[in-house]
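This report is meant for a reader who is meeting this structure for the first time. Please look over the sequence and the model before reading on.

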Amino acid sequence: MSIASNIERLRNEVADACARANRRAEDVALMAVSKMHPAEAILEAHAAGQRLFGENRVQEAQAKSAQIAQLEGLDLHLIGPLQNNKTAKAAEIFHAIDAVDSLKTAERLNSAAQALGKTLPLLIEVKLSHEETKHGLAPEELPAFLDGLQPFSFLKPQGLMTVPPWSDDPETARPYFQHLRRLRDENVAQHPNLTQLSMGMSHDFRVAIEEGSTTVRIGTAIFGKRSYV
Ligand SMILES: *Cc1c(COP(=O)(O)O)cnc(C)c1O
């Protein structure tokens, strides 16, 4: 299957999942996660009309940047953890940062965005499981974190993001998706721009859409299996 035909299939599957959930297809964005795939794969997806992309490492995105930076309408998001020494580079090459979980990092991103004369949309990553390897804030830290972001006028917090524990069975992810939505709903009155929920990947995006996802992050189903070398 080509990348273009995979994208077309995914668009249809997202639309079907929306219809079943009584939601409008335009309320769920399809993000193409291109990590571990070459810049050529991004070019191919872009030629098929894809504009929203996710990369999970600054360095890897930087390496692809020369080939993709000029693509018309490119909307490139960082969806992986951000180290403090990479904030300036991240603010430069990404259009949004979707996995912020530290005020220190936010402060540095804010300064970098100011220096670049841009405002950076961001999502806050929440960790809803107890896995050591996962990043993200504990849910009880969220209200104070949101207040802590207020002074950073070059950042635009727009919502929440989560990665549930891996499982073959997409139903296992449902309570995590429900929890993220509940957190958004509890905080949106105080923070009216907190509307987005980035949740759902190749194997569980249908469940995520049923639970209110506004962005599904799809890697494997668009670009094929990743080879980790
Ligand atoms: C890799 C990755 C994805 C995509 O996963 P697939 O299972 O390949 O669709 C989504 N979100 C994050 C944060 C990722 O790192």
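## Surroundings of the ligand

In this predicted model, the ligand is surrounded by Val-33, Lys-35, Ile-79, Met-161, Val-163, Met-201, Ser-202, Arg-217, Ile-218, Gly-219, Thr-220 and Arg-226.

## Lys-35

Among the residues around the ligand is Lys-35, which an unreviewed UniProt entry lists under "modified residue: N6-(pyridoxal phosphate)lysine". Lys-35 is placed in the loop that runs between strand 1 (29-33) and helix 2 (39-47). Is this residue, Lys-35, buried or exposed? Its relative accessibility is 17%, and because buried means under 20%, Lys-35 counts as buried.

## Ser-167

Another loop, the one between strand 6 (155-161) and helix 7 (174-187), holds Ser-167. Ser-167 has a relative accessibility of 17% and therefore counts as buried. A polar atom of the Ser-167 side chain lies 3.0 Å from the backbone nitrogen of Asp-169, and, once neighbours within four places in sequence are set aside, Ser-167 is in contact with Thr-172 and His-203.

Helix 1 covers residues 3-20, and its 18 residues reach 26 Å from the first C-alpha to the last, which is close to the 26 Å expected at 1.5 Å a residue. Its buried residues are Ile-3, Asn-6, Ile-7, Leu-10, Val-14, Ala-17 and Cys-18. Seen down the axis of helix 1, these buried residues fall within an arc of 110°, so they line one face of the helix. In general, an α-helix has 3.6 residues a turn, so residues three or four places apart point the same way.

What do the buried residues of helix 1 pack against? Their partners are strand 1, helix 2, helix 8 (205-210), strand 8 (215-218) and helix 9 (220-223). On the face turned away from this buried side, helix 1 carries the exposed residues Glu-8, Ala-19 and Arg-20. After helix 1 comes Asn-22, which has a positive phi, near 55°.

How values were computed
Residues are numbered from 1 along each chain as its sequence is written. This is a predicted model: local features need pLDDT of at least 70, side-chain atom pairs count only at pLDDT 80 or more; totals for chains, interfaces and linings use all residues. Side-chain values use heavy atoms; hydrogens and water are left out. UniProt positions are given in the numbering used here, feature names are shortened, and annotations may be inferred rather than shown by experiment. Helices (H or I, at least four residues) and strands (E, at least two) are DSSP runs, numbered from the N terminus. Buried means under 20% relative accessible area, exposed over 50%, partly exposed in between (1.4 Å probe, protein chains only). A polar contact is a pair of N or O atoms within 3.5 Å; within protein, one must be able to donate a hydrogen and the other to accept it, and residues adjacent in sequence count only if both atoms are side-chain atoms. Contact means heavy atoms within 4.5 Å. The expected span of a helix is 1.5 Å times one less than its number of residues. The arc is that of the directions from the helix axis to the C-beta atoms. A residue is near a molecule or strand if one of its heavy atoms lies within 4 Å of it.
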